[in-house]
Amino acid sequence: MAARTKKAAMLMTILLVMLTAACSSNNNAPGNKTTSEPQNTASGGSEATPAAKPVEITWWNFPNFQALDGEVGKYEKEMIAAFNQKHPEIKVNLEMITFDGGPEKLNVAIASNSAPDVIYDAPGRVIDWGKKGLLAPLDDMIPQEVRSDIPDAFWKQSMVGDKTVMYPINTAPFMMAVNKTVFEKIGALDLLPLDRKDRVWSFDEYKAALQAVKEKAPDVIPSVFFAKSQAGDQGTRAYIANLGLSSFLKDDLSAIAINTDQAGAALDWIAQAQKDKLVISGSAALAASDVNDLFLQGKVAFSINYSAVLKAQNSTLKKAEFEEALLPFPTLDGSAPKLEPYLGGMAIFNNGDDAKIAAAKTFIDFVANDEVYGKKNLIQTGGLSVRNSVTGLYDDEEYAYSELARQFITAPPTIADGYAEIRTYWFPALQSVLLGQQTGKEALDSFAKSADEAIAKAKAQLK
């Protein structure tokens, strides 16, 4: 009896061992695998990461792409659908924001820890976010062949220290635009510098063109200005700087340089030109979008905030038939202008989720580099590529000129320390002159004092 009991116990032990081994083996079956497998992620992802799992990211986008069939956001949805054919595991939630209300909406989202995962924007805001540590570095998704194909000037606008915080995609120099049809109708096309290869012209030539519009096309406003808000401030900066042969900032970005006598006189001229009906009246209360709408209605001869990108984006928004041409800002003596570059790119807010950051990198890589949509997206922005190797996207005279005008591009103030605060002082300074409260020089000196303090404060905080 004892022997039988002993044998039964031994048999039970063997069965338990076999059962345990079987359970252990089943943990490695395909349906239960928890060990690492290669994952389809953005560049820089490790091969020793879990298999691709569904990830959901949010993309906030200004109207950086031309509206498709007149519907804002329709092209972006088409792009996302194409992306999902390759990456069905990544869901991209699109939210379109406007240039007027979008910046404030972003500020509120950031303050409430609900920032989007991806944003397509420009250095003015992106670099400030990067300096505040809000963005995920992108260096691991930029191979050397891409980095060397993009000029250093664009990388300087995309980096904070040695970290890349914006993936640069499209560019174009900011310029003026002229309603060419107006000048053709009044027989004054010869007053524009369109027969010159570089289209460089002087302040006196510009004033003569304005006077011709005032006299021969009284139903058309010769030119515009605006100072209601920050939006479009690059247009007003470059306009005044070139009319006054000045720079907005010192070359080393350490202090304001636009508070010169000549720039002050240019600002005084704008205030007087309102009274003389050469510049739209009430510009202190007008936003960039207001004057842009008037230009698209054919009611304005010159716009002072334009580019090849805006030309393309506005093509479906025109409310009157006319042909526009791109022009550099006139300079006091007809010398070469200084143009600020538009630069568009994508950034990732670091919301503390590595899976979302990796998915966002995959999406950015598709937007910028897909063999089909990379070029298609560029053309839909209406911009030029930041890459030296990508040219000739358009068969168009104005785009050819935009390519040529890249020679006039200078470093923009958007990369200066404290820029986000600097720009808050700019439009109140302009308003004070337009409303007759200060002279141009007084306003620019006051602006420089506040802006220089902002630069010094920002530099101190970065130490």
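1. Tyr120 stands opposite Met346 in β10. These residues belong to the antiparallel pairing of β3 (residues 118–121) with β10 (residues 341–348), which extends over four bridges. Two strands count as paired if DSSP finds at least two bridges between them. Helices (H or I, at least four residues) and strands (E, at least two) are DSSP runs, numbered from the N terminus.

2. The model is predicted: local features need pLDDT of at least 70 and side-chain atom pairs count only at pLDDT 80 or more, whereas totals for chains, interfaces and linings use all residues. Residues are numbered from 1 along each chain as its sequence is written, and side-chain values use heavy atoms, with hydrogens and water left out.

3. Strands β3 and β10 lie within an open sheet of six strands, ordered β2-β1-β3-β10-β6-β11, with mixed pairing. At its edges stand β2 (90–96) and β11 (384–385); each has a single partner strand, so one side of each is left without a neighbour in the sheet.

4. Helix α13 (residues 354–369) lies across β1 (55–61), β2, β3, β6 (167–173) and β10, and runs at about 55° to β1. Contact means heavy atoms within 4.5 Å. Axes are lines fitted to C-alpha atoms, for helices over the stretch in contact, and angles run from 0 to 180 degrees between N-to-C directions.

5. The 16 residues of α13 reach 22 Å from the first C-alpha to the last, close to the 22 Å expected at 1.5 Å a residue; the expected span is 1.5 Å times one less than the number of residues. Asp353 caps the N-terminal end of α13, with a side-chain oxygen 3.0 Å from the backbone nitrogen of Ala355. Buried residues of α13 include Ile357, Phe363, Ile364, Phe366 and Val367. Here buried means under 20% relative accessible area, exposed over 50%, and partly exposed in between (1.4 Å probe, protein chains only).

6. The largest nonpolar core has 141 residues, and those with the most contacts inside it are Trp59, Phe183, Ile258, Trp269, Phe302 and Phe363. Helix α13 gives the most to this core, with eight residues. A nonpolar core is a set of buried Ala, Val, Leu, Ile, Met, Phe, Trp, Tyr and Cys residues joined through side-chain atoms within 4.5 Å. Leaving aside neighbours within four places in sequence, Trp269 is in contact with Phe203, Tyr206, Lys207, Leu210, Tyr239, Leu243 and Val279.

7. Three strands form an open antiparallel sheet in the order β8-β7-β9. Its edge strands, β8 (302–306) and β9 (324–327), each pair on one side only. Neighbouring strands of this sheet are turned by 30° against each other on average, direction ignored. Four bridges join β7 (residues 175–179) to β9, and Met176 stands opposite Leu327 in β9.

8. Ser158 sits in the loop between α6 (152–156) and β4 (159–160) and is buried, with a relative accessible area of 0%. Leaving aside neighbours within four places in sequence, the contacts of Ser158 include Ile127, Met166, Pro168 and Leu343.

9. Glu442, in helix α17 (residues 440–462), is partly exposed, with a relative accessible area of 43%. Glu442 and Gly264 are 178 residues apart in sequence, and their C-alpha atoms are 7.7 Å apart.

10. For the chain as a whole, there are 17 helices and 11 strands, and buried residues make up 50% of the 463 residues. Among contacts between residues at least 6 apart in sequence, 74% join residues at least 24 apart.

Key: Polar contact = N/O pair within 3.5 Å; in protein donor to acceptor, adjacent residues only side chain to side chain.
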